Amino acid sequence: MNKSITKSSFICVILATLSVTHGAYAAAPIRLPEVVALVPTGGLVFSTALSKKRNEVYAVDARNKMLYVIDGKTNTRKEKATLDLQDAVVNGIAYNETTDEILLVDYAGESSRLLVLDRKTMEFVGSPIALDSLHAAKVVIDEATDTAYVSNMHSGTVSVVDLKNQSKIADIVIGTGAPTPAGCNPWDSANPCTTPGGNPLDMKINPKTHKVYVASYTEGTISVIDTRTNKVEGARIPVGSQPNGMGIDTGTNRVYVNNWQDGTVSVIDGDTDTVIGEPIVVGSGLQDPLHCYEAGKLDACKSWGSMPLGPIGVNEDKHLVYVASSNDGTVITINGKTNKVVGEPVHITTGPLVPGGCANFGACTQGSSAQNVIYNPKTDRLYVVSLADAWLMVLQGQGSKTAAPPSTHNH
Amino acid sequence: MKPFNRVLQCAALLGFLLATPIKASLADEAPTGFDGLSNGFILQGDYDHDQELFEKRHTVAGGLGPVFNAQSCAECHANPVAGGGSQVSVLRAGTFDGKKFIEPPGGTVIHDRATDASLQSKVADAWNVRTQRLSTNTLGGGYIEAIADETLLKIAKRQPQQSNGEIHGQAVMVDLIEVPGAQRVGRFGWKSQHASLLSFNAEAFRSEMGITNSLFPSENTANGRAVDEFDTMADPENNGWEVALLTEFVRATKAPPRDAALAAGADAVAGEQVFEQTGCGICHTSTITTAPVDTLVNAGTFKVPAALGDKTIHPYSDFLLHDIGSGDGIVQNGGPSSRNKLRTAPLWGLRTRSRLLHDGSALTVQQAVKRHQGEAATVMEQLKALSAVEKQQLFKFLDSL
């Protein structure tokens, strides 16, 4: 027998064995989320936040201007804790695990404000913090430095707020900055803008790397703020069209970005702050024809695709990424190890939006938009808004169903 | 030396002194280069991203047309790098009835391309004013935008003194499209028809590519005929974000560099003296300093940043309108008297152009120089009187630009 053939065969056997072993490991089934409860919110909830310490979810009802506190154990509203926000128009919300405070971004009036709420008493702490900005949107907290970052859509900035002294300490310009001309309002036809500016919307903080990632909604980019210098670090990261929600896996240092009009999720390597691979197509996917939304007409698209919307939930233990598809009314699972969609989407609404793409035009006749995923690692619960249904859906991250195992045949 | 020559020499010296701002020695030289690198206004990664937009090929689905001239900015502005000029020209036409200029239906731009054959624009035989205009260089545009109005007005004011009243550049006050009611000295386009890069780019986006935007929300027409039937997108087709990033790109471009080896040569150095002494530099202003950092320009909408402010540039242009006998007969913002006037062609980057003058009708620098008449008549006399060596030196200098 030829020695080299024998040697090759032996190596092949070893490799095949390793392959099977590896395949068996890789094929460990991924369990998909499963709906376990439904919490009626009674209104339109655009923003949610999580307290891991208290096992509570906070939901702001924009229609009724109420702040609901949802008990993570019973999946019911704590009615006694419900707070009437009165004149405040709250968009962003975040919970400070260290101070047990809830931060609320109020964009009512001519200048936005940051409100600090003591969770224990449900009373506001101090005076509202003036941001001197237009249409503040979202807020994240750097708990290590007791600093908040607030995105100001119509000012094109992120405000840095010293929570200890309850004062704004800096404004950081995002993208091309403020819309022009000064004082215009992109949403007011009587006072239109000629350029929309950076339009910072969603943000996520990675406390391990001291970075805040800011989505520039109109410019299709992500800016990175170094929390140690409070300056934008490096060039903007081009992603897809109208990025509006993010999630971070701090274990792998990957940032996931919803590209609303593309039907995709971009993945950013947090080490290099560059995009990895092609955007991941989620749910019913891309628009047909591509970017047909740009036509500004409801009938311009044969298909509006999935239109993933709002923050992304991340299970850092299992590196699973959960994305809400606003058009499909589903939650989609991405395997963060492979950056591929796994299993079937989980329906969480009364149905997909009809007509598709109607969310762009406020012309929906049926269905409900799924949006804003948050994940509680302590309880393995996902919380997803079903907007028109006025529900907050509760899902078990590791549900009873598994995704079909990936093929072990790579060829 | 002839008396006028002496006057000119004196004027040239005076012009040189006046053209050299007091702060020139303090102002940093603006960075130059055909290297695709940011001038520091934005980070290189952002520049690269913006350049992709500048080079992006637009389609009907993205708002292109229905009538247009090009599918991307870089289709016309690309030589030798994105943002430069090119041989691509735009067709313009109209009518002069002996007293006044009359715009044709749909405006003076005659679009060469359309998404449907029925929309093809053409020049009517009755229109007796016809011209082509080469795509201009946009490199270094951020520095031009950062020049204070006062600087250009001063140049205009001193030109008659420098030339016995023969040269009198017209500073055209033009509307800032982004600030209704506000005006500024025009400086972009062959007729200095725009004063800000945002205005200039937004109009190009609509006029050249047919993509309506917040500043120019109405579609081009096909010789005045509506194109609605073939327009698939609601207007404005772009809410301005793309125009804003394109403007950012142009602001971040470096100024065109000189050919360092040629410029260092004895002939080019001497030729530059000849250029100034003969009065060429009265209009082709060699040195301008941009406004101080943090100056608010464009009616307060743009604060001059450190990368663009207090910079010495060498555009070899006054950005004013002059009649040198090569005018195209079109009236835009400058009023009836500007019919045959054109903006002084900036000579930075001259060596990258194969066709010269506004219509590309001069194919050599010598030919372009010879075509100067009108306000340039006396300067031309000076040039004719130059010795063969001086002429050689002059053209060597021009070759270095």
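In which order do the 4 strands of the open sheet in chain A that includes S13 follow one another? I began my notes here, keeping in mind that the model is a predicted one.

**Entry 1: a sheet in chain A**

I looked up the order and found S12-S13-S14-S15, an open sheet of chain A in which the pairing is antiparallel. The edge strands are S12, residues 136-142, and S15, and each of them pairs on one side only. Neighbouring strands of this sheet are turned by 25 degrees against each other on average, if direction is ignored. I then went to the pair formed by S13, residues 147-152, and S14, residues 157-162, of chain A, which run antiparallel and are joined over 6 bridges. Within that pair I noted A:Asn152, whose bridge partner in S14 of chain A is A:Thr157.

The peptide bond that joins A:Thr180 to A:Pro181 is cis, with omega at about -5 degrees. I wrote this down because most peptide bonds are trans.

**Entry 2: another sheet in chain A**

I turned next to the strands S21-S22-S23-S24 of chain A, which in this order form an open sheet of 4 strands with antiparallel pairing. Which strands stand at its edges? They are S21, residues 243-249, and S24 of chain A; each has a single partner strand, so one side of each is left without a neighbour in the sheet. The twist from one strand to the next averages 25 degrees. S23, residues 264-269, pairs with S24 of chain A in the antiparallel sense over 5 bridges, and I picked out A:Thr264, whose bridge partner in S24 is A:Val281.

A:Leu290 lies in the loop between strand S24 (274-281) and strand S25 (313-315) of chain A. Is A:Leu290 buried or exposed? Its relative accessible area is 55%, so it counts as exposed, the cut-off being over 50%.

**Entry 3: two asparagines with positive phi**

Most residues other than glycine have a negative phi, so I looked up two exceptions. In chain A, A:Asn75 has a positive phi of about 55 degrees, and it is found in the loop between strand S4 (66-71) and strand S5 (76-77). With a relative accessible area of 13%, A:Asn75 is buried, because this value is under 20%. In chain B, B:Asn223 has a positive phi of about 50 degrees, and its place is in the loop between helix H5 (197-207) and helix H6 (241-251). B:Asn223 has a relative accessibility of 22% and therefore counts as partly exposed.

B:Pro80 is found in the loop between strand S2 (67-68) and strand S3 (89-96) of chain B.

Which residues have the most contacts inside the largest nonpolar core? I noted B:Phe54, B:Leu152 and B:Ile313, in a core that has 47 residues. Helices H2 (44-55), H3 (141-145), H4 (149-162), H5 and H6 of chain B each supply at least two residues of this core, and H6 gives the most, with 6 residues.

Conventions. Residues numbered from 1 in each chain as written. Chains lettered and ligands numbered in written order. Predicted model: local features only at pLDDT ≥ 70, side-chain atom pairs only at ≥ 80, totals over all residues. Heavy atoms only, no water. Buried < 20%, exposed > 50% of the residue type's maximum accessible area, 1.4 Å probe, protein only. Pairing = 2+ DSSP bridges. Axes fitted to C-alpha atoms, helices over the stretch in contact; angles between N-to-C directions. Core = buried A, V, L, I, M, F, W, Y, C linked by side-chain atoms within 4.5 Å.
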